[in-house]
Amino acid sequence: MKNVNFVVTDLDDTIWDWLEMWYMSFGPYLDRIAKETGIDIGILTAEFKQLHQKYGTTEISFAYKELPSITEQHYHLFEGSSELKNILHEYNSNKKNSLKTYDGVVDTLKYIKAKGTKIVAFTESNVFFTKYRIKHLELDGIIDAIYSPAGSAVPETVDIHYSESFWEPQQTTIKTLPEDTRKPNKKILEAILNDFGASKENAIYIGDKLDRDIYMAQQAGMTSVHASYGHQIDGAKYELLVAVTHWKDEDVLRERNFKNQAVAVKKPDYTINQFEELKTLFNYTKF
């Protein structure tokens with residue numbers, strides 16, 4: 001059994017179900033805007049895609065004032081008071097309530113950490129959203145450090161209700177990467193190892209995407225663990241994401257065709273169907 005004292009993990013769709021959280025908040029949000037404003041849902045979909053591409057993230061949907069079809073006469077629907085939750089309140093509530101870690105994740109991370117093993121995360125999601133998720137899911141301090149790209153500032157069109165420090169983790173260290181950081185990027189993995197003085201021989205990398213996470217780990221010479229439960233590119237959730245995504249067309253095409261392409265990804269060293277399987281795969285030791 002391999003001795004491991006340094007764990008690097010992906011976050012979205014590995015630690016928590018990002019696609020479920022996004023779909024369960026954005027789907028009702030889009031439908032309700034169309035219903036209450038009378039604006040064609042196809043027009044709204046195209047405008048959200050433009051908004052997301054402007055800011056480089058599919059999570060900036062709350063900047064509704066930047067949608068061309070939304071005018072001041074609609075603003076009260078988003079933030080006004082009524083017997084029902086206003087549109088923006090419902091969107092934020094759905095996002096919060098549907099953001100959950102996968103079964104067994106927290107217990108497994110605590111088990112690994114109790115062995116003295118260092119736990120670090122590397123995500124493509126920008127710092128603003130990553131901090132929120134870490135605090136909301138009470139992972140602050142369980143994960144030692146997170147490497148996350150800088151994102152655009154909150155748009156000036158958005159009313160900020162919390163101070164900048166409200167979601168700041170108290171124990172987990174945040175390492176901000178350049179805004180254009182994308183996976184696969186073996187140099188980031190190598191930098192993480194160097195920052196901590198960790199040896200790749202006693203390190204593992206966990207991620208859900210074969211063409212990004214696993215390929216990156218293999219390029220960096222790290223032991224790769226494929227979280228097979230996380231990567232979904234079929235069904236209504238993924239189709240809606242593609243319709244409004246900030247990704248480039250070639251990125252979407254690459255994902256759709258990946259299963260049928262001959263790519264330079266070798267078989268992962270390990271494959272897990274549940275995160276808690278990590279408990280029995282390795283011998284965790286003090287870093």
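Which residues form one aromatic cluster?

1. The cluster. Trp 18, Trp 22, Phe 26, Tyr 29, Phe 48, Tyr 64, Tyr 75, Phe 78 and Tyr 91 form it.

2. Basis. The model is predicted: local features need pLDDT of at least 70, side-chain atom pairs count only at pLDDT 80 or more, and totals for chains, interfaces and linings use all residues. Residues are numbered from 1 along each chain as its sequence is written, and side-chain values use heavy atoms, with hydrogens and water left out.

3. Ring pairs. Rings of Phe, Tyr and Trp (its six-membered ring) pair if their centres lie within 6.5 Å; planes under 30 degrees apart count as stacked, over 60 as edge-to-face and the rest as tilted. The count by this rule is 16 aromatic pairs.

4. Tyr 29 and Phe 48. This aromatic pair is tilted, at 5.9 Å centre to centre and 55° between the planes. It links distant parts of the chain. Tyr 29 lies in helix H1 (residues 18–37) and Phe 48 in helix H2 (residues 41–55), 19 residues apart. Helices here are DSSP runs (H or I, at least four residues), numbered from the N terminus. Tyr 29 counts as buried because its relative accessibility is 1%; buried means under 20% relative accessible area (1.4 Å probe, protein chains only). Phe 48 is buried too, at 0%.

5. Phe 282 and Tyr 284. This pair is edge-to-face: 6.1 Å centre to centre, 70° between the planes. Phe 282 is buried at 2% relative accessible area. Tyr 284 is buried at 5%.

6. Charges over rings. The test is NZ of Lys or CZ of Arg within 6 Å of the ring centre and within 35 degrees of the ring normal. The charged end of Lys 65 sits over the ring of Tyr 75, 5.1 Å from its centre. Tyr 75 also belongs to the aromatic cluster. Over the ring of Tyr 111 sits the charged end of Lys 279, 5.7 Å from the ring centre.

Terms used: Helix = DSSP H or I, 4+ residues; strand = E, 2+ residues; numbered from the N terminus. Buried < 20%, exposed > 50% of the residue type's maximum accessible area, 1.4 Å probe, protein only.
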